[in-house]
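These are my notebook entries on a structure that I looked through piece by piece. I begin with charged side chains and go on from there.

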Amino acid sequence: MAQTLEQRRRNAKFAKEQDARRGKSETEIKKRSKDQFKSPISPFWLGILAFVVFGGLVFEVLSRIFFR
């Protein structure tokens with residue numbers, strides 16, 4: 001059975017990661033993976049959330065000041 005394009009891409013990525021790990025001790029590999037922190041929420045969605053929260057706050061303050 002022939003590989004699909006997605007399988008070939010993932011196999012190439014895995015092979016590249018294995019080549020990078022070759023010759024290094026487990027402590028070096030684990031130390032490197034802990035240093036890289038990945039946020040659970042993307043910056044785009046963080047911006048949308050901030051806009052909704054702080055934008056609503058700004059509009060509420062403006063409406064209370066001008067439309068008592």
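Predicted model: local features only at pLDDT ≥ 70, side-chain atom pairs only at ≥ 80, totals over all residues.

Entry 1, salt bridges. I looked up D19 and found that it forms a salt bridge with R22, with the closest N and O atoms 3.0 Å apart; the term stands for a side-chain nitrogen of Lys or Arg within 4 Å of a carboxyl oxygen of Asp or Glu. I reminded myself that side chains of opposite charge can pair when their charged atoms come close. D19 is partly exposed at a relative accessible area of 45%, while R22, at 60%, counts as exposed; here buried means under 20% relative accessible area, exposed over 50%, and partly exposed in between, with a 1.4 Å probe and protein chains only.

How many salt bridges does the structure hold? I noted three, and I then looked up the other pairs. The side chains of E6 and R10 meet at 2.9 Å, N to O, and because these residues are four apart in helix α1, about one helical turn separates them. E60 and R64 also meet in a salt bridge, at 2.9 Å from N to O, and both lie in helix α3, four residues apart, about one turn of the helix. E60 is partly exposed at 38%, whereas R64 is exposed at 58%.

Residues are numbered from 1 along each chain as its sequence is written, and side-chain values use heavy atoms, with hydrogens and water left out.

The mean pLDDT of the chain is 85, and 91% of its residues reach 70 or more; pLDDT is the predictor's confidence in each residue, from 0 to 100. Confidence is lowest in helix α2 (residues 26–35), at a mean of 67, and highest in helix α3 (residues 43–66), at 92. Helices are DSSP runs of H or I with at least four residues, numbered from the N terminus.

I found one aromatic pair. The ring centres of F44 and W45 lie 5.0 Å apart and their planes stand at 75 degrees, so I recorded the pair as edge-to-face; rings of Phe, Tyr and Trp (its six-membered ring) pair if their centres lie within 6.5 Å, and planes under 30 degrees apart count as stacked, over 60 as edge-to-face and the rest as tilted.

Notes. Helix = DSSP H or I, 4+ residues; strand = E, 2+ residues; numbered from the N terminus.
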